[in-house]
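Trainee: Hi! Could you walk me through the structure on my screen?
Mentor: Happy to, let's open it up.
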Amino acid sequence: MRVRSGRHDDLVSIGRVAEAGFCETYTGLLKPETIGRMLTADYSPSAVARRLLRGNLIVAEGEAGIVGFVDAVPGGDALEVSAIATDPSRRRRGIGRTLI
């Protein structure tokens, strides 16, 4: 697995990871339309492009492509994480820990 800065050509893959993660995490807790609105607001291609422009989006890339991402701002001894997600099929493998 390789960790690197997100790029414009990662837009669709980041959205895919976010959608899979949100659906697995929030199904049964939130209405499907609420999940859809959250994904549209935060992970549509234009929303991901804005995150990329800020320069704080880091991705984890496996052999099959993007398997996770974090949007975070370093500040002194801390890291302010606004979003982190991993592909549900790849969870519990240390991807989130590696991203942080």
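Mentor: A term to start with: rings of Phe, Tyr and Trp pair if their centres lie within 6.5 Å. Also keep in mind that this is a predicted model.
Trainee: Got it. Which residues form the aromatic cluster here?
Mentor: F22, Y26, Y43 and F69 form one aromatic cluster.
Trainee: And how many aromatic pairs does the structure hold?
Mentor: There are three aromatic pairs. One of them is F22 with Y43, an edge-to-face pair with 5.5 Å from centre to centre and 70° between the planes.
Trainee: Which helices do F22 and Y43 lie in?
Mentor: F22 lies in helix α1 (residues 11–26) and Y43 in helix α2 (residues 32–43), so the pair ties together parts that are 21 residues apart in sequence.
Trainee: Is F22 buried or exposed?
Mentor: F22 is buried, at 14% relative accessible area. Y43 also counts as buried, at 9% relative accessibility.
Trainee: What about Y43 and F69, how are their rings arranged?
Mentor: Their centres are 5.6 Å apart and their planes sit at 55°, so this pair is tilted. F69 belongs to strand β3 (residues 65–75) and Y43 to helix α2, so the pair ties together parts 26 residues apart in sequence. Both Y43 and F69 are buried.
Trainee: New topic: where does D87 lie?
Mentor: D87 is in the loop between β4 (78–86) and α4 (95–99).
Trainee: Buried or exposed, that D87?
Mentor: D87 counts as buried, because its relative accessibility is 13% and the cut-off for buried is under 20%.
Trainee: What is D87 in contact with?
Mentor: Leaving aside neighbours within four places in sequence, D87 is in contact with R16, V17 and V67.

Key
Residues numbered from 1 in each chain as written. Predicted model: local features only at pLDDT ≥ 70, side-chain atom pairs only at ≥ 80, totals over all residues. Heavy atoms only, no water. Helix = DSSP H or I, 4+ residues; strand = E, 2+ residues; numbered from the N terminus. Buried < 20%, exposed > 50% of the residue type's maximum accessible area, 1.4 Å probe, protein only. Contact = heavy atoms within 4.5 Å. Phe/Tyr/Trp six-rings, centres within 6.5 Å; stacked < 30°, edge-to-face > 60°.
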